[in-house]
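Thanks for coming. I will take a few minutes to walk through one structure, and you can follow along on the screen.

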Amino acid sequence: MAQRAPHSPLRTTGWLKGWRLTFGGENVGFEGALATVVEDADEHVFVVLYDVPDCDEQALDEWEGAALSVYRKTRVRIATLDGDVLAWLYVLDAYEGGLPSARYLGILADAAEKAGGPDDYVKDLRTRPCKSLGD
């Protein structure tokens, strides 16, 4: 976020309830499958919320390929310590499946850890199946 949305300060963290983290679009990603979320009543995803001004939103839309239908934006409710917050996130517009690269998964795990994600959640990220670039 610091590189792609430099004018967007971290606001808080929370949980996206009723969704789960997964991967898909292996044919779209350069190193493997890309992160996304899908609805799943029994799951939840740790998230970081940012205050995103219009200029950064446009940059993120371009980066995430929203105009190319790689990701689409959707509104969701996030549970935070201060109550529920309405936010938008990007959902991959591709079928679920495929493995992320070890490097990509490490970036996600490092970001969750840095943001204060629970130890068991970060551990789960670090131990998910992935592929090395040589696979």
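Let me start with the outward side of a helix: D119, D120 and K123 are exposed, and they lie on the face of α3 turned away from its buried side. Before going on, please keep in mind that this is a predicted model.

Now the other side of the helix. Helix α3 runs over residues 119–126, and its buried residues include Y121, V122 and L125. These three cover an arc of only 95° around the axis, so they are on the same side of α3. What do the buried residues of α3 pack against? Their partners are β1, β2, which spans 34–50, and α2.

One of those buried residues, Y121, brings us to the aromatics. Y121 forms one aromatic cluster together with W15 and F46.

How many aromatic pairs are there? The count comes to 5. I will show two of them in detail.

Where in the chain do F23 and Y104 come from? F23 belongs to strand β1, residues 10–24, and Y104 belongs to helix α2, residues 102–114. The two are 81 residues apart, so to speak a link between distant parts of the chain. Is F23 buried or exposed? F23 has a relative accessible area of 4%, and because buried means under 20%, F23 is buried.

The next pair is W88 with Y90. Here the ring centres are 5.3 Å apart and the planes are at 85°, so this pair is edge-to-face as well. As for accessibility, W88 is at 23% and counts as partly exposed, whereas Y90 is at 14% and counts as buried.

W88 has another neighbour to mention. The charged end of K73 sits over the ring of W88, at 4.5 Å from the ring centre.

Strand β3 covers residues 71–80 and strand β4 covers residues 83–92; they pair in the antiparallel sense, over 10 bridges. Together β3 and β4 form a hairpin, with 2 residues between them. Which residue of β4 is the bridge partner of T80? The partner is G83.

That is the tour. I am happy to go back to any part of it on the screen.

Definitions and conventions:
Residues are numbered from 1 along each chain as its sequence is written. This is a predicted model: local features need pLDDT of at least 70, side-chain atom pairs count only at pLDDT 80 or more; totals for chains, interfaces and linings use all residues. Side-chain values use heavy atoms; hydrogens and water are left out. Rings of Phe, Tyr and Trp (its six-membered ring) pair if their centres lie within 6.5 Å; planes under 30 degrees apart count as stacked, over 60 as edge-to-face and the rest as tilted. Helices (H or I, at least four residues) and strands (E, at least two) are DSSP runs, numbered from the N terminus. Buried means under 20% relative accessible area, exposed over 50%, partly exposed in between (1.4 Å probe, protein chains only). A charge sits over a ring if NZ of Lys or CZ of Arg is within 6 Å of the ring centre and within 35 degrees of the ring normal. Two strands pair if DSSP finds at least two bridges between them. The arc is that of the directions from the helix axis to the C-beta atoms. Contact means heavy atoms within 4.5 Å.
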